[in-house]
Amino acid sequence: MRSAEFSAPNQHHYDRRSIDNWIVSHLWRYRWRLLLVLAMYGISSFAFSAAPMLIGSAVGSMLDGNDVSTLVPLALGVLVVLVMDGGFNLIGAMQWEYVAKRFSADARGELYASLLEKNQVFHNRQRAGDLMARATDDVGLLSDMVTPGMSIILETVLFSVAPLVFLSFTDPQLLLVPLLFFVVYAFAVRAYMRELEPVVERQRVQFGELNAKLEETISGIETVKASAQEPAERQKVGRLARLIRDSFAAQGTIEARYLPLLLYAVTLGLQFLHALWRVQAGAIGVADVITVMGLMAVLRWPTFASIFTFSIVQAGRASAGRILSVIKAHTDLDQNLGGHTEPIRGEIVFEHVTYGSADHAATAGPLLRDVSFTVEPGQTVAIVGQTGSGKSSLTQLINRTYDATEGRVLIDGVDVRAWSLDALRSQISKIEQDIFLFSRSIGENIAFGRPGATPADIEAAARAAQAHDFIMKTKDGYATVIGERGMTLSGGQRQRIALARAFLADPRILILDDSTSAIDSATEDEIQKAIRGIQHGRTTLLITHRLSQIRWADTIVVLDAGRIEACGKHEDLLRSSVLYRRIFARYEGESVGAGANLKRMARRPEAATPAGAPPAVNPQITDA
């Protein structure tokens, strides 16, 4: 069974061994409707093909000099069979349309569920615009592949079989030319599909690249405008658009060389000559020639429609391949449904943990190296270090955003990999510096971790995060819909909403990754009071450079190049860790005394080291 971080309940399982198997398994869910389609189209094709037979009989009756009254039943017969053709064709088309829309909806749901299943490593490597192209345009082409694509192909088959059956009733020898046509037609279509396939696949890839570029430019529009790079971005998008244009032009060239239409014209002429020859031989009459040519005319539409039908089917297969490649993409993390599900007390233990993604390890080595430390339940631990020292990576191992490469991370004595992923993550809240908010109301964003929260609960969490006052100043209060990613709010406002979200979730472990960096000092003081208020009984990990937050931590962990350089309380580290002093020597103003003390110790580190204490200087450590 493949790994997945999430599995949708009652999800249907499809055959993913190949593109064609996947398509067939989707369509097979609606096999009774497909059987109904086959029956309706079958009746429709034979009814439509019966019309030339009745018309031929009417002409024969007129040539025999029969009374006009004998033509009335034949005329009514033509009317009846054509109405039958229209009625049954309509019912079949409605069923086809239902199957097509269900197929695209099912595929979109399967793709979306698979994206939720994938771990962070997978998503880090994807371009959002390309994924959106697969979830929208590619999924839409699946519907087009079914109808009009497969729908017309089925009609082509049935509307080819019916005329042949009626031709055999007229004169079996007249089957020779049409059968030769279908043999040559099959080879021509096969060559056409082989030539068309790489062009259509290239179109889908290029469309994904164009969509990814557009998404990237729009997401980074502020940077584009600030750097005055509009012409360069326009040129890049224009180049991608020209590539797509060239691919469609190549497709048009291939379609223009489509041979079956020419083959049909030749077949029509040869069949007419053959019918005349049979008339001269006395095998059939003149009225039969009209019947034969009417039946041959039935073949014209399927032959013409196949020009674009096979293109649509080919585009659908290419889109199915792009969708299936995402669905089948490997992910390492598993939700572990039968795993540990106890309430978390808050003990965190790192045992000789080494971590590094494959991409990073190949160039710069592991992000964390042999990290070991213990956090007791309810403790507050500050994690400090220079940029790139591995602070965020360390916290991402706790909720299994990533898994340790070596060693173990334990929560309450249980390896995080043995926990049920849902039970683990539902009891851990993390607030990062780059806050993500959804384009929903403020209240919905705060209640994201607790969808059933009452308005009173939401307001209480907002008050604790010092967000209530600014929320009430917005147009609709808690019902105010914010823009995508919360861009209509300031950085500080976004961080306070994120804090309110974390407070409402009532986590047992709280991780704050520089979560008050965009908040002014006065508001930060109030928020720190709120954070201290909810810390009781919770384990809290702080990643911050603000001395005012670090000083009241129970323990401070100092990271350097992925290793723990020192661990202890603030005052102890000032005396024993050169790196700790140097990291904070440049941060002044949080308190005059602390700032002056730090500057003095940074200039004269030896003065801060007690007599007889072992030297803590690491000659490889340099100023930030």
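Modeller: Q271 counts as buried because its relative accessible area is 0%; buried means under 20% relative accessible area, exposed means over 50%, and partly exposed is in between, with a 1.4 Å probe and protein chains only. The model is a predicted one, in which local features need a pLDDT of at least 70 and side-chain atom pairs count only at pLDDT 80 or more, whereas totals for chains, interfaces and linings use all residues. Residues are numbered from 1 along each chain as its sequence is written, and side-chain values use heavy atoms, with hydrogens and water left out.

Q271 sits in helix 9, which covers residues 260-280; helices (H or I, at least four residues) and strands (E, at least two) are DSSP runs numbered from the N terminus. Which residues does Q271 touch, leaving aside its neighbours within four places in sequence? They are L167, L174, V177, P178, V292 and M296, where contact means heavy atoms within 4.5 Å.

Two packed helices are described by the angle between their axes and the distance between the axes. Helix 5 (residues 128-170) and helix 6 (residues 176-219) pack at an angle of about 170°, and their axes are 10 Å apart; here axes are lines fitted to C-alpha atoms, for helices over the stretch in contact, and angles run from 0 to 180 degrees between N-to-C directions. That angle makes helix 5 roughly antiparallel to helix 6, because angles over 145 degrees count as roughly antiparallel, under 35 as roughly parallel, 65 to 115 as roughly perpendicular and the rest as oblique. By class, the contact of helix 5 with helix 6 has 12 nonpolar, 5 polar and 6 charged residues; Ala, Val, Leu, Ile, Met, Phe, Trp, Tyr, Cys and Pro count as nonpolar, Asp, Glu, Lys and Arg as charged, and the others, Gly among them, as polar.

Helix 5 holds a further detail, for P148 lies in this helix, and the peptide bond that joins T147 and P148 is cis, with omega about 20°. Most residues other than glycine have a negative phi, and most peptide bonds are trans. On the phi side, R400 is a residue other than glycine with a positive phi near 60°; R400 lies in the loop between helix 13 (391-396) and strand 4 (406-411), and is buried at 4% relative accessibility.

The contact of helix 2 with helix 3 is built from 26 nonpolar, 7 polar and 2 charged residues. Helix 1 (residues 19-28) has W22, I23, S25, H26 and L27 buried, and what covers these buried residues includes helix 2, helix 3, helix 5 and helix 11 (300-327).

R102 lies in helix 3 and is partly exposed at 32% relative accessibility. R102 and S143 are 41 residues apart in sequence and 8.3 Å apart in space, C-alpha to C-alpha.

Finally, the whole chain has 23 helices and 10 strands, and buried residues make up 47% of its 624 residues. Among contacts between residues at least 6 apart in sequence, 78% join residues at least 24 apart. The chain averages a pLDDT of 80, with 86% of the residues at 70 or more; pLDDT is the predictor's confidence in each residue, from 0 to 100. Over residues 588-624 the pLDDT is below 50, and this stretch has 39 contacts in the model beyond near neighbours in sequence. Where pLDDT is low, the predicted coordinates should not be read in detail.
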